[in-house]
Amino acid sequence: MYLYKILIVDDEEEVRSSIMRKMQWEQLGYQLVGDAENGEDALEKVRVLEPDLVLTDIKMPYMDGLTLTKYIKEERNSTEIVIFSGFDDFEYAQKAIKLGVIEYILKPVNVVELTEILKKLKLKMDERIAEKRNIQALRLDYQRMLPVLKEHFLGDLVQGRLNHIAILEGFNRFNLCVKDGPSWIVATTHIELPMIEQDEQRLNLHDEVDLIPLSVEQIICEKLMGDFQFETFGTATGTCILCAIHTKQEMERVMNKLNQVCLECKKILELNVTIGLGKAYTKQELIKDSYDEAKSAIGYRATIGSGMVIYISDVEVMHVGVLRFDEQSEGKLIHAIKFGEREEIIEVIESLMHKMKAAKVHTNQHQVYVMAIIHAMMEMAQKYELDTNQIWGKEDYFKVMGRLLTIQSMQNFIINSALSIHENLHKERYDTMKQLIVEAKKYITEHFTNPDLSVEMVCEHLHISQAYFSTLFKKETGQTYISYLTELRLNKAIELLNKTEDKTYIIANKVGYTEPNYFSYVFKKNFGIAPSRYQRRANSNRG
């Protein structure tokens with residue numbers, strides 16, 4: 001049985017202890033994961049412990065219950081809040097309800113009343129989870145979302161965002177009719193709206209711009225249906241057609257049908273529709289190349305003519321002997337070095353080198369290609385201010401290039417360089433995180449006497465979010481921000497109590513506590529003795 005996690009927040013330790021001790025948590029279906037003595041401490045624990053329910057007082061130091069509720073609801077709307085207070089005030093209850101508080105209880109908290117409320121809340125939370133787990137409802141939602149998911153999959157496919165396994169899974173998951181094709185082509189449309197001066201000559205369809213692609217897609221489906229295995233979907237560039245091709249003759253028939261689509265769009269819809277057609281590929285991962293070619297073919301409409309099918313092979317002569325490190329390849333390499341794992345980096349570089357091996361070019365072009373790759377990595381290293389000596393050593397760049405006489409030596413050098421940049425980047429990020437904590441500790445030490453010092457002030461100084469800071473601070477120091485600040489203040493208080501004759505309320509003020517009673521409470525809680533008594537003992541020892 002799932003136990004809902006619960007956090008208790010109250011500045012009175014006696015109240016917290018009483019509730020924690022008297023309630024039969026597990027029998028009620030709850031797990032008590034912690035307690036906090038003020039709103040700031042509670043907010044940090046909420047971020048770490050992720051409770052399902054928070055029981056909180058309204059009046060507390062540092063951050064009151066309503067402010068705590070506001071922050072929790074902004075960050076974790078699913079967490080339920082129960083407020084208890086000694087104030088029988090309708091205005092408080094009104095504000096609490098507006099913030100999404102589920103219950104409002106007056107102090108002193110009655111165990112029987114709280115037990116009934118927790119039972120009722122558990123039923124509500126159980127119902128909410130059951131609703132989300134309802135398989136039938138999920139199945140219906142999935143069926144409704146299937147066309148959208150399918151569209152996203154096809155978009156990712158032609159954009160080259162999927163690996164081989166993801167493509168196979170998608171073909172089967174969406175039961176695509178093209179999944180068994182021995183090869184595949186992609187076509188994409190470009191629609192030119194007619195410029196007609198007289199409004200009365202315009203078709204009604206021309207005024208409904210959003211419906212035009214649907215009309216074109218309908219004609220495409222009518223022409224191809226029954227004769228071909230195909231899928232249509234929309235992209236930012238227009239309607240796309242993914243078609244399975246089994247024979248060369250079938251390719252010719254597809255082109256013929258698509259030409260008929262262009263003619264029919266002109267005749268019926270009075271629209272000039274150009275269709276770009278990529279080459280057929282036998283590997284599913286290369287469908288993206290056919291899409292890129294289809295888009296490229298559209299670009300020839302200014303010289304070839306629009307309102308027709310433009311097949312990429314008809315307009316582009318194979319550029320045998322040309323080898324380029326283009327922006328797309330550079331983007332993939334930089335992304336892999338920055339965010340990928342070691343295997344991904346090697347895979348991207350091997351792909352770049354495979355392209356070089358396949359090109360029938362002179363060795364000089366191999367070196368120019370490799371120099372372009374190395375130049376991109378050098379720019380990356382300079383951008384992130386990495387020590388290039390650690391990556392490439394102090395040897396002259398041209399001497400290094402002079403030794404790279406074989407494709408294998410070039411590949412090894414690039415892989416080693418890329419992995420070195422990757423490792424230095426990660427070290428740089430780790431050092432940056434450590435420096436953030438050093439800077440945070442310095443700021444806290446310099447401002448701990450300010451009673452208003454808060455985690456918000458520290459994060460504003462560091463220019464980072466509170467959630468990120470809380471996680472990072474706890475990870476690096478083993479303490480929460482409040483625990484660290486309290487320890488710092490109390491250690492300074494001990495120092496002053498040992499060395500000075502100042503009254504305890506003066507010392508409290510010097511270490512950031514405006515309320516002497518609260519200072520005494522915190523001091524006694526941590527050291528087991530009141531500060532005044534500690535000072536008398538210290539004075540006695542000095543005497």
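Author: Let's start at the surface, where Lys-524, Arg-533, Arg-536 and Arg-537 gather in a patch of positive charge. This is a predicted model, where local features need pLDDT of at least 70 and side-chain atom pairs count only at pLDDT 80 or more, while totals for chains, interfaces and linings use all residues. Residues are numbered from 1 along each chain as its sequence is written, and side-chain values use heavy atoms, with hydrogens and water left out.

A patch like this takes residues with over 30% relative accessible area and no salt bridge, and like charges are joined within 9 Å. A salt bridge here is a side-chain nitrogen of Lys or Arg within 4 Å of a carboxyl oxygen of Asp or Glu. Helix α26 (residues 531-542) gives the patch its largest share, three residues; a helix is a DSSP run of H or I with at least four residues. Arg-537 sits in that helix, and Arg-537 counts as partly exposed because its relative accessibility is 45% (buried is under 20%, exposed over 50%, partly exposed in between, with a 1.4 Å probe and protein chains only).

Now for the rings. Tyr-62, Tyr-513, Tyr-518, Phe-519, Tyr-521, Phe-523, Phe-527 and Tyr-534 are linked into a cluster by ring pairs. Rings pair if their centres lie within 6.5 Å, with planes under 30 degrees apart called stacked, over 60 edge-to-face and the rest tilted. The whole structure has 16 aromatic pairs. In one of them, Phe-171 and Trp-184 have ring centres 6.3 Å apart and planes at 70°, so that pair is edge-to-face. Both Phe-171 and Trp-184 are buried.

Technical notes:
Patch = residues over 30% accessible without salt bridge, like charges linked within 9 Å, V, L, I, M, F, W, Y side chains within 5 Å. Areas by Shrake-Rupley, 256 points an atom, 1.4 Å probe, with all protein chains shown as cover. Lys, Arg positive; Asp, Glu negative; His and termini not counted. Charge placed at Lys NZ, Arg CZ, Asp CG, Glu CD. Helix = DSSP H or I, 4+ residues; strand = E, 2+ residues; numbered from the N terminus. Phe/Tyr/Trp six-rings, centres within 6.5 Å; stacked < 30°, edge-to-face > 60°.
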